[in-house]
Amino acid sequence: MAATATNRRVILKEYVEGYPREEHMELLPGVEIPLRLGADDPAGSVLVKNLYLSCDPYMRPKMSRPVRQSYTAAFVPGSVITGYGVARVVDSTDPRLAAGDLVWGITGWEDYTVVKPPVSKLLSKIRHHGEGVPLSYYTGVLGMPGLTAYVGFHEICAPKPGEKVFVSAASGAVGQLVGQFAKLAGCHVVGSAGSDEKVSLLKSRFGYDDAFNYKDPEESADLAAALARRFPEGIDIYFENVGGAMLDAALRNMRVHGRIAVCGLISQYNKAEGDKDAVRNLDAVIVKRLRIQGFIEPDHKHLYPQYEEWVVPRIRDGTVAYVEDVAEGLESAPAALIGLFHGRNVGKQLVRVAHEDDE
């Protein structure tokens with residue numbers, strides 16, 4: 001491998017208000033960088049070549065000017081955007097990792113990234129690749145979205161066979177898995193998605209018992225009624241990815257002692273603080289003795305080995321399916337991320353920066 005390489009970077013140009021646009025980000029021209037860690041890089045650093053980048057809804061709040069406490073720091077204008085990705089190690093002073101290893105974790109939106117402690121300590125070596133397990137799956141079913149679905153459904157919701165489950169944003173990176181996990185647990189599962197194509201995918205590929213297009217005028221006119229038609233006896237478990245009107249509708253339809261796992265609120269991320277939707281049916285929390293719990297994947301990293309052992313055989317035998325929407329090239333990353341907030345992706349959105357066998 002050459003001693004230097006050209007590195008392009010995608011930066012956030014300015015804080016975002018409303019929906020992000022491509023002009024909020026910029027792909028900088030490539031500059032030559034050494035393919036060795038430098039004397040100024042702290043012990044435990046890892047230089048990686050990025051292969052796949054993950055586009056995830058949680059990245060949108062990080063693009064806003066920080067006005068309240070969050071579990072993750074905002075991006076800094078002028079600096080490279082960061083997120084989950086899959087990469088090959090080029091050089092390392094982390095004793096866990098050696099040149100040539102494949103890893104997944106937090107990296108930069110660039111061709112090459114020096115991942116420094118403490119973030120480098122969260123890079124995980126990829127052990128299952130090939131034989132029905134594509135490397136790209138470590139941005140999704142075998143990465144953060146997969147563990148999120150597993151923890152949110154099995155640990156937070158604690159399902160019982162026969163229970164009725166509703167999943168919003170059901171065809172996305174997390175939702176497509178929650179529905180399948182629910183079926184494997186013996187539950188009846190219904191999902192909502194934003195197009196007829198996605199609804200068909202939920203039922204034909206992911207095994208949902210029913211699904212509906214929440215953008216259909218007949219459904220969107222009264223979301224609570226749309227849910228009541230599909231859950232005449234009420235909802236036991238709601239896996240929340242959307243918030244706003246969908247959350248209000250679900251609260252109206254929950255059963256006594258129902259559980260709501262709050263994974264995301266994508267309908268609210270592009271709204272100004274004063275414009276966010278109010279939740280009007282909170283009385284249902286008391287009347288129905290509901291348990292509502294928010295959670296984030298980093299709090300549950302210790303469960304990843306358990307999840308990986310459980311899900312890999314199911315991926316290989318086809319029990320668990322996964323659909324990806326792959327954008328090609330680092331230059332396509334801004335548009336791919338923006339597309340999440342307009343429902344353009346079908347399945348898990350990711351970006352292929354380089355092919356696995358590229359040198």
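Here are a few friendly notes on this predicted model, taken strand by strand and loop by loop.

1. Let's begin with strand S3, which spans residues 46–54. Nine of its nine residues are buried, so the strand is largely enclosed by the rest of the structure.

2. The pairing of S3 is worth a look in your viewer. Strand S4 (residues 82–92) runs antiparallel to S3 and is joined to it by seven bridges. To find this pairing on screen, go to leucine 53, which stands opposite glycine 85 in S4.

3. S3 also pairs with strand S6 (residues 112–115), again in an antiparallel arrangement, through four bridges. Here lysine 49 is a handy landmark, with tyrosine 112 of S6 as its bridge partner.

4. A further antiparallel pairing links S3 with strand S15 (residues 348–352), this one through three bridges. Serine 54 has leucine 350 in S15 as its bridge partner.

5. Next, please turn to helix H2, residues 175–184. The helix is mostly covered, with eight of its 10 residues buried. Among the buried ones are Leu177, Val178 and Phe181, along with the glycines Gly175 and Gly179; Gln176 and Gln180 are buried too.

6. What do the buried residues of H2 pack against? Their contacts include helix H1 (144–157), helix H8 (304–316) and strands S8 (164–167), S9 (188–193) and S11 (235–240). S15 is also one of the packing partners of H2, and S15 is the strand that pairs with S3 through three bridges. After H2 comes glycine 186, which has a positive phi near 85°.

7. Now for some backbone details. Proline 117 and proline 118 are joined by a cis peptide bond, with omega at about 0°. Proline 118 sits in the loop between S6 and strand S7 (124–125).

8. Alanine 158 is not a glycine, yet its phi is positive, at about 45°. This residue, alanine 158, belongs to the loop between H1 and S8. Its relative accessible area is 36%, so alanine 158 is partly exposed.

9. The other is alanine 169, where phi is again positive in a residue other than glycine, near 50°. You will find alanine 169 in the loop between S8 and H2. With 29% relative accessibility, alanine 169 counts as partly exposed.

Note on methods:
Residues are numbered from 1 along each chain as its sequence is written. This is a predicted model: local features need pLDDT of at least 70, side-chain atom pairs count only at pLDDT 80 or more; totals for chains, interfaces and linings use all residues. Side-chain values use heavy atoms; hydrogens and water are left out. Buried means under 20% relative accessible area, exposed over 50%, partly exposed in between (1.4 Å probe, protein chains only). Helices (H or I, at least four residues) and strands (E, at least two) are DSSP runs, numbered from the N terminus. Two strands pair if DSSP finds at least two bridges between them. Contact means heavy atoms within 4.5 Å.
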